[in-house]
Amino acid sequence: MLCILSICLILVGPLFAHEFEAKQSYQPNLFISLKKTPVEGRVEAARLIYKQHCRNMNEADAMRCIDEIKRIAIDLEDLPLECATFDMRSDYYSVNRGYNILSNTYFDQAVAFARKNHMQLETGIYQHRKANYYFLYKQNTAACRYFLLSEENLREVGFANVPGVSALFLETANFYYAMGDFENARINLRYALKYDTKISRTSVNIINTIGLTYRNNGEYELAMNYFNNALKMAAATKDTVWMAIAGGNIGSIYFLQHRYDKALPLIRADYNQSLKYGQKLNAVIALLRIIRINIDHYKFKKAGMQLDTANRLLLNIDKKMLLQRAQYYDLKAILNEQLNNIPQAALYRDRAENLRDSLAKRDNMAAIERVRLQWITEKSRHEFNNLKKSTQINTLKQNTIIVVLILLIIITALVFNRQRLKANKDKELMALEKRRLDEELTNAIRALNGYTESLMQKNILIDKIKAELENVQVKFNSADVAASLDKMLQAHIMTDDSWAEFKRLFTRVHSTFFYNLRHKYANLSDTDVRLLALIKLKLNNREMAGMLGITVDGIKKAKQRLRKKMRLVADETLEDVTDIL
C-alpha cells in the first residue's frame, strides 16, 4: 500500500508546502539564465526556478515572474516555453487556492495554445497534467476523460518520443488504482515499466504496485511473484526502504493465507520501517496484522498494548481511514471476547458494524463511480475511434484533393510545355520562313541589280555605237548602213520583252509598287510607269535616258510632264513619291 501513497504524496506534498514557509518577493531577472539554457532543457529549467521561488510569492509577484518567462519565450521564439507559462499560472492558483476556476482556465489555455501551434506532444502533456489536477481534487469523471485524451495524443506522437513517459503512465496507473480499476492500472503500470529503462526505485515501485493489483483481486500467487521480484530489485540496489515495503507485502500474502510464522517477521520489519520514515498509515496496517497474529497466538496482553499504539496512530492520521478503524474495533472485540468481557466486546462489534455500513455506502458509491468511469472510458474511446475514422476520411479527402491538384498541375504543365514546344517550333518555322524570304528578297535584289546593270552596260555599248554611227554616216554617207545600225540599236534598248523581265524582277523586290502607283495615279501611261520604276531604283537622268532610248533632255521634259500629271506641289519630288510607294 505504501507505494501508491508515495505517489499521492508526490502530487499533494508540494501543493501545501507554502503553508509552512515565509512568503518570498519578486526578484528582477530571476529567469535571465534561461536565455543561455539549451532549448531542450529550457522548460524544465524554468519550471524548477518557478517552483523554488515563485510558488510561495504573493499573486502579483508570481504573475510578474511568469510574465518575465513569457517575454523570454517570445524573444527566443520558444513556443513550448511560452505554452508552459499557462501551466505555471494554473499550478500557482492550484497550490494557493485548491480547486478553482483560474486553474481550470489556464489549463485550457495551455492545451489550446499547444493545439493552435500544432504541438501534439505538449497537448498530450498538459492534458495529462490537467487530469492529475482533477484527480487531486476528486473530479474523477473529468480526470478520466483527460487521462484518455492525453493517452491518445501521446500515442500518436509515439510513447518512445515522450520525455518522462514512464512517470506519466505511473500517474495514470495511480488514478485507476485509486478508482479500484486494477486492470487499467496494470496496463499503465506495464507501460511505465516498459519505458523505465534502468533499475531504480521507480521500477521497484511499479513491480510492487502490479503485485498489489493482483493481491487486491485475490490472485495471491501472481502477486507473490511480483513482490519477490520487487524485493530482489530492491536488494540489488541495497534500497532498505523498498526491501522492507516489498517484504511487508510478501508478509501480507502469508498473513492472508494464515501462514503467520512466515508473515510475522516480514510484517514486523515493514512496521518498523514505516515508523522510521513517517508512513503512519502503512504502520497501522502492519501493526493491525501483528495484533491479529498475537491474538491468534494467545498473546493477549501484548495485543492489548499494541491496540493502544494503533489507536494513537489512527488518531494522528486521516479520520476517513474507516477500514483500518473498523479493523481496530474488530480486534478490540475479539480480544475482549477472549478475555470474557462480553459487554465490551459487543460495544466494539457495534462500532465495527457501523463503520462497515459507512464503508459499504462508500464502496457502493465507489462502485457506481467505477461503472460511470468505465462507461466514460468506453464512450471516450468510441468517440476517439469515430474521430479517428472521421480524421482518416478527412485525410483521405484531403489527399484526394491534393492528388487531383497535382494531376491538374502536371496536366497544365504538360499542356503548357506542349504549347511552348509548339510556339518554339512555330517560331523556328517563322525564322526559317523569314530567312527564306530574306534570301529570296536578296536574290531578287541581286537579280534586279544585275539585270539593271546589264541594261546599263548595253546602254554604254549603244552610246559607243551611236558615236560610230555618226562617224559612219559622215564617212560613208550611206543610208543603208545607217538604217542597219539604227535597227541594231533598237534591239538593245528597253523593249517590251526587256520591260516584262525587268518588271518581273522589280516586283519581287518591290511587290506593291506598281499596284499602289496605279491605284493612286490611275491616269499614268506605261511610259510614265517605266520612268517612275527607274526613279525608284535611284538611277540618274543619263542612265534612265540610255535605258529608255531617249535623250537626257527628253528625260527632264518627261519628269516635268509627270509632275504635272501627278499634281505634285513645289517642294515635292518624284523621288519622294517613289520612296513611299
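## Helix α12 and its ends

Just after helix α12, histidine 258 adopts a positive phi of about 65 degrees. The model discussed here is a predicted one, and in it α12 covers residues 240-256, with a reach of 24 Å from the first C-alpha to the last, close to the 24 Å expected for its 17 residues at 1.5 Å a residue.

At the start of α12, the backbone nitrogen of valine 241 has a side-chain oxygen of aspartate 239 within 3.3 Å. Of the 17 residues of α12, 14 are buried, so the helix is largely enclosed by the rest of the structure.

## Aspartate 528 in helix α21

Aspartate 528 belongs to helix α21, which is formed by residues 526-536. Its relative accessibility is 11%, and because buried means under 20%, aspartate 528 is counted as buried.

The side chain of aspartate 528 makes a polar contact of 3.0 Å with the side chain of serine 525. When residues up to four places away in sequence are left aside, aspartate 528 touches Leu562 and Lys565.

## The packing of α22 against α23

Helix α22 (residues 541-548) packs against helix α23 (residues 552-566) at an angle of about 100 degrees, and their axes lie 8 Å apart. Angles of 65 to 115 degrees count as roughly perpendicular, so α22 is roughly perpendicular to α23.

On the α22 side the contact is made by Asn541, Arg542, Met544, Ala545 and Leu548, while α23 contributes Val552, Ile555, Lys556 and Lys559. Sorted by class, this contact of α22 with α23 comprises five nonpolar residues, one polar residue and three charged residues.

Definitions and conventions:
Residues are numbered from 1 along each chain as its sequence is written. This is a predicted model: local features need pLDDT of at least 70, side-chain atom pairs count only at pLDDT 80 or more; totals for chains, interfaces and linings use all residues. Side-chain values use heavy atoms; hydrogens and water are left out. Axes are lines fitted to C-alpha atoms, for helices over the stretch in contact, and angles run from 0 to 180 degrees between N-to-C directions. Helices (H or I, at least four residues) and strands (E, at least two) are DSSP runs, numbered from the N terminus. Angles under 35 degrees count as roughly parallel, over 145 as roughly antiparallel, 65 to 115 as roughly perpendicular and the rest as oblique. Contact means heavy atoms within 4.5 Å. Ala, Val, Leu, Ile, Met, Phe, Trp, Tyr, Cys and Pro count as nonpolar, Asp, Glu, Lys and Arg as charged, and the others, Gly among them, as polar. The expected span of a helix is 1.5 Å times one less than its number of residues. Buried means under 20% relative accessible area, exposed over 50%, partly exposed in between (1.4 Å probe, protein chains only). A polar contact is a pair of N or O atoms within 3.5 Å; within protein, one must be able to donate a hydrogen and the other to accept it, and residues adjacent in sequence count only if both atoms are side-chain atoms.
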